[in-house]
Amino acid sequence: MNFVVRSKSSGNEYNVQVYSTDDGPVITCDCPAGENGQYCKHRFALISGDEREVVEADAQVREIAALVAGSR
Ligand SMILES: [Zn+2]
């Protein structure tokens, strides 16, 4: 699943990708914090079902919560 999120504070757009692996769901973000391996606010927002900053999506944001709920 691919999502484009626009930051309210900076106006920059970031690509958030969600996919499942054998080890569980993986969520990546190409913002500076995400590339450092930190859990950035974009991913937290999507995990919690907050789609206010989503400008493009090829899936429902609520599908992320369902995916993450089944993992540790
Ligand atoms: Zn991010």
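Biologist: Where is Tyr39 found?

Modeller: Tyr39 sits in the loop between α1 (32-35) and α2 (41-47). Helices (H or I, at least four residues) and strands (E, at least two) are DSSP runs, numbered from the N terminus. This is a predicted model: local features need pLDDT of at least 70, side-chain atom pairs count only at pLDDT 80 or more, and totals for chains, interfaces and linings use all residues. Residues are numbered from 1 along each chain as its sequence is written.

Biologist: Is Tyr39 buried or exposed?

Modeller: A residue is buried if 20 or more other C-beta atoms lie within 10 Å of its own, exposed if 12 or fewer, and partly exposed in between; C-beta atoms are placed from the backbone. Tyr39 counts as exposed because it has 12 C-beta neighbours inside 10 Å.

Biologist: In what order do the strands form the sheet?

Modeller: Strands of a sheet pair through backbone hydrogen bonds, either parallel or antiparallel. Pairing here needs at least two DSSP bridges between two strands. In this model, 4 strands form an open sheet in the order β3-β2-β1-β4, with antiparallel pairing. The edge strands, β3 and β4 (54-57), each pair on one side only.

Biologist: Which residue in β2 is the bridge partner of Phe3?

Modeller: Val16 is that partner. In total, 5 bridges join β1 to β2.
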